[in-house]
Amino acid sequence: AEYKDYDYERENEDLDINGIPKPGTKDSADYNVHTKGIYSEIQYRPYDYFKALVGIRHENHSMFGSINLPRYGIIVNPTGNTAVKMSTGKHFKAPTMNELYWPEDDYARGNPDLEPEEGWHANITAEQSLFDEKLFFEVSYFEWDIDNKIGWAENPNYPGPWGNKWTPSNVNSYEANGFEVGTNIKPIDQLMIGLYYTYTDAEEEKSDSAKRQATYTPEHQFKANLTYWFDFGLTVTTISRYVSDRPAHYLSDTDTKPDYTLSSYWTTDIKIEQRLRDHWILSLQANNMFDDEYDTYAENFTDQSTSVTTMEGYPGAGRSVFFSVSYEY
């Protein structure tokens, strides 16, 4: 069972050209949302090579009512080193607080009339380990079929002084399918190499519009990780990720080719852990270690001194470094 309670407070005010708050422009609002969830699952293995599971989650949302979310799956093990997994289940995602209550200004606004996303997902995965688990390989195929998918876009129903305001809305349909292949290779006991590739064909369609590639969804993603364990308790892991270009904006609901596309990018993370006296762990992690530049979203920006409007990308997170001390017992 699970209970979550969100107390959401937002506060905003206008700034002058020097970044100083303008008197009398401060505005604030409070919202509360709570959810309750109960989940139960039954697993049954009548034979060594077959397993079935059935689960159901009852979700109650203070704004959107109750819904039952079933999940079904089977696992077949023709050999001790082979597994074939199949599952399907119902999808539910309530709008976030920002999507519902983003404060209205000259450029954007939230949408308190949003409906939750609902639909079904399914996947099938085959896994195989070889050579005493020194080589592991998996391939999977997945499908998503979602109604009321939520996405941000310029909305002509809400004009602003610098163009139409950006607001979230429910896309009529969102369909995606694709596959993932991956392998873990352990040439020696101290070294593990992982390679993963994901292809996603995602399409969205609004009412009375064309079906087109879903915004902000890349077709190609690649991840490579390398982990090395030293005899004195030190572990070093590096992870490199590639994300292909993806559409960020269409001029109209009937366009199938984007007028603004976010470029592809690479990032690399590194994590170093040292274990001391079996219980203490010192960890140092650097995300986006090389401080690569990339964009995550796109938005219209207007120079108020010239009234010139251009679409630009929001930059993703730069380099960040974290240090932690943990104790295990």
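Which residue forms a salt bridge with R109? It is E104, and the views below take in this pair along with other parts of the chain. The model is predicted: local features need pLDDT of at least 70, side-chain atom pairs count only at pLDDT 80 or more, and totals for chains, interfaces and linings use all residues. Residues are numbered from 1 along each chain as its sequence is written, and side-chain values use heavy atoms, with hydrogens and water left out.

**View 1. The protein chain as a whole.** The C-alpha trace spans about 65 × 45 × 40 Å along its principal axes. Of the 329 residues, 33% are buried (buried means under 20% relative accessible area, exposed over 50%, partly exposed in between, with a 1.4 Å probe and protein chains only). Among contacts with a separation of 6 or more, 53% are between residues 24 or more positions apart; a contact means heavy atoms within 4.5 Å. The chain exposes about 20100 Å², with carbon and sulfur atoms supplying 52% of it (areas come from the Shrake-Rupley method with a 1.4 Å probe; for residues, only the protein chains shown count as cover).

**View 2. Salt bridges.** Side chains of opposite charge can pair when their charged atoms come close. A salt bridge is a side-chain nitrogen of Lys or Arg within 4 Å of a carboxyl oxygen of Asp or Glu, and the count comes to 14. In the R109 and E104 pair, the closest N and O atoms are 3.6 Å apart. R109 counts as buried because its relative accessibility is 15%. R57 pairs with E59, with 2.7 Å between the closest N and O atoms. E59 has a relative accessible area of 10%, so this residue is buried. Salt bridges with shared partners join E2, R57 and E59 into one network.

View 3. E11 forms a salt bridge with K26, and their closest N and O atoms are 3.6 Å apart. E11 sits in strand β1 (residues 2-12), while K26 is in the loop between β1 and β2 (27-47), 15 residues apart. K26 counts as exposed because its relative accessibility is 53%.

**View 4. A negative surface patch.** Take a look at D113, E115, E118, E143, D145 and D147, which form this patch. Patches are made of residues with over 30% relative accessible area and no salt bridge: like charges are joined within 9 Å, nonpolar side chains (Val, Leu, Ile, Met, Phe, Trp, Tyr) within 5 Å. Strand β7 (residues 135-160) gives the largest share, three residues. E115 lies in the loop between α1 (97-101) and β6 (117-130), and counts as partly exposed because its relative accessibility is 43%.

**View 5. N155 and its contacts.** N155 is found in strand β7. This residue is buried, with a relative accessible area of 14%. Leaving aside neighbours within four places in sequence, N155 is in contact with N164, K165 and T167.

**View 6. A nonpolar surface patch.** Residues including I272, W280, F323 and Y329 form a nonpolar patch that has about 1100 Å² of accessible area together. β15 (265-276), β16 (280-287) and β19 (320-327) each supply at least two residues, with the largest share, four residues, coming from β19. I272 lies in strand β15 and counts as partly exposed because its relative accessibility is 32%.

Note on methods
Lys, Arg positive; Asp, Glu negative; His and termini not counted. Charge placed at Lys NZ, Arg CZ, Asp CG, Glu CD.
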